[in-house]
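I opened this model to look up a few residues one at a time, and I am keeping the notes in the order in which I looked.

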Amino acid sequence: MYLVRKGIIAILFLVLLLTGYRPAGQCQSIATAPAVVPGVSYTLATWRSSRVRNIIYQLGFHLPATPTAAVEVEEQLSFDLSDNTAPLQIDFRKKGAGPDTLLVNGMPIPADYQQEHLLIPTKVLHTGANIIGLHFSAVDLPLNRNSDFLYTLLVPDRARTLFPCFDQPDCKAIFQLTLTLPADWKAMANAPLKEATGNGSEQTLHFLPSDRISTYLFAFVAGRFTDTAASAGEYPMHFFYRETDSAKLRLSIRPVFQIQTDALAFLQHYTKIPYPFQKFSCAAIPDFQFGGMEHPGAIQYKASSLFLDPGATRDQLIARSNLLSHETAHMWFGDLVTMSWFNDVWMKEVFANFMADKISNITLPDNKYDLKFLTDHYTAAYSVDRTEGAHPIRQQLDNLQDAGSLYGNIIYHKAPIMMRQLELLMGADAFRDGLRDYLKQYAGGNASWPELIRILGAHTTTDLNAWNKVWVNESGRPRFTYQCKTSGGKITELMIHQQGEDGSARVWPQFFTIALVYRDHIEHLPVNMNTAGIRLEKAVGKEAPLGFLFNSGGEGYGLFPVDKFLLHSLPAIKSPLMRASTYINLYENMLDGQGISPMQLLALDRAMLSMEPEELNLNILTDQISSLYWRFIPSAKRDSLSVSLEKEIWKTMYAVRSPNEKKVLFKTFSSIVRTKKGQDSLYRIWKTQEPPAGVQLSEDDYTALAATLALRAYPGEKQLLDEQLARIKNKDRRDRLIYLLPALSNDEGERDRFFETLRTPEGRKKESWVLTALGYLHHPLRTGYSEKYLPQTLALLEEVQRTGDVFFPQSWLAASLGWYRTKSAAAIVRDFLQQHPDYNPKLKAKLLQAADNLFRAANLTK
Ligand SMILES: [Zn+2]
């Protein structure tokens, strides 16, 4: 699964004191029966995985046309049990009606429902084969019901909310699904359709038995969809969608098929394992919670990430290619070989991302692998690893109900950086061979990180355990420093040191490159930084350079020093990768309060804006400009900056050649616009629907433009929004804007009432809409008023985690806290933590991550 690119945040270090790392997946036999507690405890999971085998779920769902009518479910659960000396716990987080009775091995028994489990007494259980039959009404939550479509999304532990099951990744099972649904609906599931029977307004679809998969991968999508098939490649593919915009359809359907076909070919070649499931298909879901989810045979994607318009930026094209490749890579990494327990969920995510980077290098060939890798992962990884809420890649997980809190930038972005370092350390061929061994050995089953490290260890002479400790089991990043001695214009000594950013004497063994920049050329020296301090012999005797550019190849990880000379010499650096690495280092140094102030960095970014020819770098610069402008520049200076900054961005937009760059700059202009003149320009564009020459704007862009103007209380903003609504023909997008209107309103009472609706789970149901609405409520122009929402926002966090999908708590925090900068807002967060000393440590970490910019801004702008 994947959060939309550059998602936010992740977790903790306090709780992880690195003690309890258990060999997950090594199913030790436990003598005493596990306690009955909510969720799925690790103890229960271990107990069951060593005793329950050959699991088959026969599931029949009756899906009515009306989204409020009950969904009735028939289930038959078959399995072999090796030990019937203790009651068997079946996970079921029941909220709907039934089951009142169960049929266990032909015997009706009353349902004994305790702590989110159905307890099956020993007297009806057999050693060997068992069959349990039940009937109940399903809960709406995991069904994501809309007026004419629905989809299941069960990761990480929602299968047990939908139906009674052994909800743990190492209890893989076969699913035999039957769906009864309106005759004009279509459906997609893990396995191919066997037959369809119908009678009038309803039809029944019988699917073939699925491959053996984990419960979190079971899925179906049903409703009114357009079904497109393609025979490209070896596998017939189906693609379900609800998009109606003909330009988007024309531009997107082919790439969606092609990228997945290319990804399949790459993965088969890389892994030496043919595509491991019966079918390959996907569905584009409007306002899907994540970027995508890797259900075999029925991958789900966020529709807006796949359907791009003619004005799509290079960044969006890369993100789409990465997303499609990521989910396809999961078919091997995660679906075929699955983590034994969710503490190793990062393994499937890191390989999906790691492979996606390699695949995108093929699907979008431009020799920019290094630059894309840098821009994709570093800023996102640093945004968590530098915070008080940083956490290791591998974390302990005692109960599956907390698995959602494991996700975040550390597993999606730091882990690929770590994996690339491991590949550099081992050599690409040895690394790939190790992965092949691992997939082959555990195909169809489960494995944990120690098992993979053991296999990889056999392909290298390096001690991977020591390497693993700091990179995988600990949080944080190193801080690098250097001393250079010269004599007679030559280098006599170049020392480089590293220690933890927290002051610890830790060492992150890693490779990076250092560039010696001269007036007329640049020399690159590789650094194997495997100790706390090294003397770079290769530098000795070389002519003293103008300065050093650290991490010039973009593969190193940490807080690198930035030489002052770079502030003036950047335009002369020809390599886009070196400039990108420098931009990122400068920003990290600014946040650290080292060597460069927010105003200095803004001046540098502005100067580079018109000279930066690489679109990926333009994204870095414009992101930094928005962030510096809204977060880190003193408010008093911000006002006086607006006129010249708007003018500059507008002028650069006309000066750059590529439509993509124009679009990036147009969006940046819209995001920072403050002056009346600037707003008038945007209004004219919105009203006439005539964008500046060379800029392509889609309906979504015009909706965003209307919102931009409304947020600035542009005269007549209410009519403006109504007019925008009238322009939108697609039902899904209309519903979205209708929902967002009160959050955009300039009537404070209306916004207050809207905020109140977020206090109920029903009001937070459509998560992607809620996040956009929060962004409007807490827009930097409104933080003065909206600060009063913060205490309640924090108070709701635990409930948001309980009722929301996995990325929601962190996104909830990021969307709410993202733009605050005052001491009073920082105090609200600190006070909240002080008043809740025993707060859930994983949520606390998320809060500390989300508040990091706020804390720094409150310090930097004092
Ligand atoms: Zn994923």
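Entry 1. I began with the contacts of Thr161 and, leaving aside residues up to four places away in sequence, I found that it touches Phe92, Arg93, Val139 and Pro142. I keep in mind throughout that this is a predicted model. Thr161 itself is found in helix 2, which spans residues 159-162. I note Thr161 as buried, because its relative accessibility is 3% and the cut-off for that word is under 20%.

Entry 2. I then went to the loop between strand 9 (149-151) and helix 2, where Pro156 lies. The peptide bond leading from Val155 into Pro156 is cis, and I read its omega as near -10°. I wrote this down because most peptide bonds are trans.

Entry 3. Most residues other than glycine have a negative phi. I placed Glu116 in the loop between strand 6 (113-114) and strand 7 (117-120), and Lys272 in the loop between helix 3 (246-271) and strand 17 (280-285). Is each of them buried or exposed? Glu116 is buried, with a relative accessible area of 18%, whereas Lys272 counts as exposed at 62% relative accessibility.

Entry 4. I moved on to surface charge and asked which residues form the positive patch. I found Lys647, Lys651, Lys677 and Arg684 there, with helix 16 (635-655) and helix 18 (676-688) each supplying at least two residues of the patch. I checked Lys647 individually: its place is in helix 16, and I count it as exposed because its relative accessibility is 59%, the cut-off being over 50%.

Entry 5. My last stop was Ser816, whose place is in helix 27, a helix that covers residues 808-817. Which residues does Ser816 touch, once those up to four places away in sequence are not counted? I listed Leu774, His778, Leu790 and Thr793. With a relative accessible area of 1%, Ser816 is buried.

Methods:
Residues are numbered from 1 along each chain as its sequence is written. This is a predicted model: local features need pLDDT of at least 70, side-chain atom pairs count only at pLDDT 80 or more; totals for chains, interfaces and linings use all residues. Side-chain values use heavy atoms; hydrogens and water are left out. Helices (H or I, at least four residues) and strands (E, at least two) are DSSP runs, numbered from the N terminus. Buried means under 20% relative accessible area, exposed over 50%, partly exposed in between (1.4 Å probe, protein chains only). Contact means heavy atoms within 4.5 Å. Patches are made of residues with over 30% relative accessible area and no salt bridge: like charges are joined within 9 Å, nonpolar side chains (Val, Leu, Ile, Met, Phe, Trp, Tyr) within 5 Å. Accessible areas come from the Shrake-Rupley method with a 1.4 Å probe; for residues, only the protein chains shown count as cover. A salt bridge is a side-chain nitrogen of Lys or Arg within 4 Å of a carboxyl oxygen of Asp or Glu. Lys and Arg count as positive and Asp and Glu as negative; His and the chain ends are not counted. The place of a charge is taken as NZ of Lys, CZ of Arg, CG of Asp or CD of Glu.
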